[in-house]
Amino acid sequence: MNDKLKKLHTQYKDIPIPQELEMMIEKNLQRPPMKRKRRLPLFLTSVAAAAILFTVGLNTNPAMAKNLADVPVIGQVVKVLTFTEYEMVKDEYTADIQVPQISGSSADIEALNEKYAQEGKILYEQFKTDIEEMEAGNMAVNSGYVIETDTDEILSVGRYVEVIVASSSSVMQYTTIDKQAETVITLPSLFKDDRYVEIISRYLEDEMRRKMIETKGDEMYWVGGTEWHDESFGVFEGISPEQNFYITEAGKLVISFDEYEAAPGFMGLVTFEIPTELLQDVLVSNKYIK
């Protein structure tokens, strides 16, 4: 990863989540509020000084906004629509940044939408600032969302940002929602205590090592114990208590890593499905994880 992408990768990690969402998560976990940083799907970058950026929003320009009649309903309770879109096309510089909004009236949903709006605004403002700094070159920024899971019970939405400046880098941030209760499901809320961190971390370490040996280094991860490991790139020490995740339609927990987080950049975004039997003793219930 070049120095510019390293700097941008650090910037997006250091943006705190809105206080309202933090409070709602703590409430759902029935724990006292604490200060905590959350990875956000935000990547800030540069474009040419002559580039023109314009924003299209439902509230400011309905005629240019996405036609809500064409937006599919995600389940009977919760749906996703594009609330705001920032676009720019100028010579070799392009940007397409879509900010989603989750329908619903709960405090969790409102706080989540505020977080999405804040991310889009920060990206837009930084984008405008960086326009004056880049002198020449090619650059593209694409940000949007995908629906990973849609069942009667849960909705897992992945928000991605892909940046190409000489080299490329991608990030993905998942949010999983209980559609009936309209609440955000966090990773800690799935488990009785923090033992899951060590259980999942050791499984992943073994699985990464197994894949490296099985593929003879075609797949590479930052774990030791193989002839292909290079410690200069880092060592995988385990997941965060709030590691990025989603839940599949079959009720399986999937742990996700951004580029460079657990493996070299050529591996891209990396995901691992965790066997439920490995987690059974520490799960609060099998309501979501089956």
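Predicted model: local features only at pLDDT ≥ 70, side-chain atom pairs only at ≥ 80, totals over all residues.
**Y246**

Y246 lies in strand β8, which spans residues 245–247. The residue is buried, because its relative accessible area is 11% and the cut-off for buried is under 20%. One more pairing concerns L187. This residue is 59 residues from Y246 along the chain, yet their C-alpha atoms are separated by 9.0 Å.

**Positive phi at K216 and Y260**

Most residues other than glycine have a negative phi. K216 has a positive value, near 55 degrees. Y260 also has a positive value, near 75 degrees. Neither residue is glycine.

| Residue | Phi | Relative accessibility |
|---|---|---|
| K216 | near 55 degrees | 64% |
| Y260 | near 75 degrees | 17% |

Both residues sit in loops. The K216 loop runs between α4 (195–214) and β8. Strand β8 is also where Y246 is found. The Y260 loop runs between β9 (253–257) and β10 (270–274).

Which of the labels, buried or exposed, applies to K216? K216 counts as exposed, because its relative accessibility is 64% and exposed means over 50%.

Technical notes
Residues numbered from 1 in each chain as written. Heavy atoms only, no water. Helix = DSSP H or I, 4+ residues; strand = E, 2+ residues; numbered from the N terminus. Buried < 20%, exposed > 50% of the residue type's maximum accessible area, 1.4 Å probe, protein only.
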